[in-house]
Amino acid sequence: MGFRRYMVRKVVVYGITFVFAVTLNWLLPRLMPGNPIEAMVSRSGGAASSQLIKFYEEVYGLNQPMWKQFLNFWVNLFHGDLGYSMLYNAPVSSIIKHALPYDIAILLPAIVLSWLVGNWLGAIAGKNKKYDRYTMPLFYFLASMPYFWFAMILVYVVGVKLGWLPYSGAYAPDLVPSLSWTFIKSFLSHWILPFLSLFIVMIGSWAIGMRNMIIYELEADYVRYLEALGASEKLMTKHAYRNAILPQVTGLALQLGMMVAGAIATEIVFNYPGIGVLIMNAALNQDYFLLQGAFLIVVISVLAANFLIDIVYAFIDPRVRASYTEG
Amino acid sequence: MAMLTVEDLKIYYATPFGHVKAVDGVSFEVREGEVFGIAGESGCGKSTLVHSLILRKPPMVHMGGKALFKGRDLMRLSKEESRKIRYTELSIIPQYAMNALNPTKKIKDIVWDLAREHGHTDREEVERLLRERLKMVKLSEKVADMYPVELSGGMRQRATMVVSTLLNPDLLIADEVTSALDVTTQRVVIELLHHFMREGIVKSIIFVTHDLALLDKIADRMMILYAGKVVEIGPTEEVINEPSHPYTQLLLSSLPRMGIQYRKQKLRGIPGYPISLLNPPKGCRFYTRCPYALDKCPSEEPKLVKVGEEHYAACHLLGGEDQ
């Protein structure tokens with residue numbers, strides 16, 4: 001088994017990708033036009049005296065040559081120091097630490113549950129033509145609907161018109177995050193609408209993917225062979241489903257990789273304090289460090305998800321395993 | 001003793017333009033202990049014929065006739081009855097044998113899934129049999145624990161043959177199993193089929209092919225189909241050496257021969273193409289391409305005429321009107 005070599009090769013490739021992606025993250029904000037210090041000083045209302053600007057440039061290390069900044073960035077990164085946010089006046093790592101749970105709380109259940117429900121509905125549609133005729137237009141409608149648009153409809157209908165659920169923030173503004181019952185209740189009621197806005201839209205594309213795969217697999221030679229040898233409908237479906245789910249697993253892992261920042265528009269609509277909102281604010285205010293930090297989290301989670309698929313796939317698909325043991 | 005008796009079987013395909021008469025009144029029998037060959041060019045109905053015995057799915061429709069298999073009419077079995085006898089009594093090695101096994105399941109798991117569907121309860125027993133049979137076809141018994149993707153094409157072919165015959169079916173249908181193979185592998189396949197017969201694993205084989213030279217090697221009796229009808233049927237030796245129907249004669253003379261260069265002697269074919277089965281002519285279906293066509297050929301359908309012991313051909317030239 002060349003599994004060790006396969007792993008080593010993967011780790012090296014992902015390591016190089018990581019360095020490259022993080023370097024780009026560092027570089028991109030610095031290529032943006034404008035001076036963040038000036039912006040920051042003027043935001044605080046003070047006159048932008050050259051002395052003040054110089055002082056802050058020194059504080060943030062922006063007066064040093066680019067190569068030095070780059071080096072400092074990597075050294076700090078390995079010390080777990082992501083810098084200091086100019087916008088929020090707090091260490092970037094602690095800002096992200098507070099925002100990340102909200103992203104995961106919304107996106108993880110939305111992605112996983114929509115994957116399960118979508119695959120289930122899609123598999124039924126792939127097998128049952130009559131049901132397929134009625135549900136496919138609905139799936140296509142869902143899949144082509146922008147997340148934020150459906151989110152706005154939910155806000156308007158359920159939040160504003162019916163007034164059933166709160167639609168702004170992650171908890172009532174007069175509460176402080178804690179493990180108390182009141183907070184959890186408030187958090188859950190704020191959680192429902194953003195969750196639904198993602199969950200329902202996501203079902204559409206999972207179902208379409210699964211339906212097409214099931215139709216394809218049910219036509220495959222190995223299913224015809226099973227049928228010719230007297231396999232029951234149930235067994236044929238079992239074999240077809242097992243193979244149809246494989247590309248969906250890839251899709252799931254890729255979606256989970258986007259988990260930390262996959263809902264920027266949704267978070268903005270619901271004013272939900274996740275990484276998505278942080279990224280937008282950081283970009284608007286040229287907050288280099290916050291932007292770098294937020295992107296770093298995105299890069300790590302996307303790479304981790306891809307790495308995970310590579311490993312998982314070698315286990316669930318013997319075709320992949322066969323190809324790496326050969327080459 | 002007849003294992004399978006097919007009487008006047010009509011299998012059509014339903015299309016928006018009418019029925020395509022792919023198998024139109026075919027009769028033959030397959031006896032216990034024999035290899036029965038079915039030959040013909042593409043589109044003559046040979047695949048439709050054998051597939052209709054296994055599984056009829058739309059647009060395939062049964063328009064008449066019987067197929068008595070061990071006393072039961074395959075055309076009248078309920079879905080569940082038909083499902084139950086497949087594999088245990090009536091099995092097939094498909095044309096796509098190299099790709100017939102699910103690539104993501106171990107071969108022993110595929111076999112166990114199928115065996116369980118047919119009432120087997122002892123997994124170890126089934127696996128033991130599988131390993132034994134794999135060894136019989138000169139594969140390692142470890143193949144049982146492998147995925148089909150880990151095997152070469154030829155190994156997959158043999159593995160499929162083992163899977164298809166594992167439950168000792170009485171009648172095995174081999175549908176164009178050698179068509180995509182090189183001659184070495186063809187020989188292996190033919191030898192294995194013989195071996196299956198000798199060991200009593202299968203009692204009879206229907207061997208479908210377009211390769212007459214191959215049938216000569218394996219079949220005890222054979223049948224030539226043209227455009228959904230039987231043109232000639234009889235013991236292989238007689239049909240090959242003394243073909244009675246013009247179509248059989250032309251088919252045999254179109255086979256390439258060793259030692260003759262194409263520059264010296266052009267490869268002979270049969271001019272023209274098979275007719276449309278959507279609206280076939282009333283008379284002989286071969287008259288459009290037949291060099292000996294008579295006046296009555298387009299209008300009168302020729303009946304099978306006895307030309308030898310157990311040897312029949314359907315042609316007016318043979319004086320069919322007397323019988």
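Reader: Across which strands of chain B does helix H5 (residues 153-165) lie?
Author: This is a predicted model, where local features need pLDDT of at least 70, side-chain atom pairs count only at pLDDT 80 or more, and totals for chains, interfaces and linings use all residues. Residues are numbered from 1 along each chain as its sequence is written, with chains lettered from A and ligands numbered from 1 in the order written. Helix H5 of chain B runs at about 175° to S6(B) (angles run from 0 to 180 degrees between N-to-C directions, and axes are lines fitted to C-alpha atoms, for helices over the stretch in contact). The strands it lies across are S6 and S7 of chain B.

Reader: How many helices and strands does chain B have?
Author: Both are DSSP runs numbered from the N terminus: helices are H or I with at least four residues, strands E with at least two. Chain B comes to nine helices and 12 strands.

Reader: In what order do the eight strands of the open sheet of chain B stand?
Author: The pairing is mixed (two strands pair if DSSP finds at least two bridges between them). The twist averages 20° from one strand to the next. The order is S6-S7-S8-S3-S9-S10-S12-S11.

Reader: Which strands stand at the edges of that sheet in chain B?
Author: An edge strand here has a single partner strand, so one side of it is left without a neighbour in the sheet. In chain B these are S6 and S11 (304-308).

Reader: Which residue in S8(B) stands opposite Asp175(B)?
Author: Strand S7 (residues 171-175) of chain B pairs with strand S8 (residues 204-209) of chain B in the parallel sense, over five bridges. Opposite Asp175(B) stands Val208(B).

Reader: Which helix gives the most to the side of chain B that touches chain A?
Author: The contact takes 24 residues from chain B and 18 from chain A (two residues are in contact if their C-beta atoms, placed from the backbone, lie within 7 Å). Helix H2 (79-85), strand S6 (90-93) and helix H3 (107-117) of chain B each supply at least two residues. With three residues, the one that gives the most is H3(B).

Reader: At roughly what angle do helices H5 and H10 of chain A cross?
Author: H5 spans residues 92-127 and H10 spans residues 233-257. Trp115(A) and Asn119(A) are among the H5(A) residues that meet H10(A), where Tyr241(A) and Ile245(A) are among the partners. The axes come within 11 Å and cross at roughly 145°.
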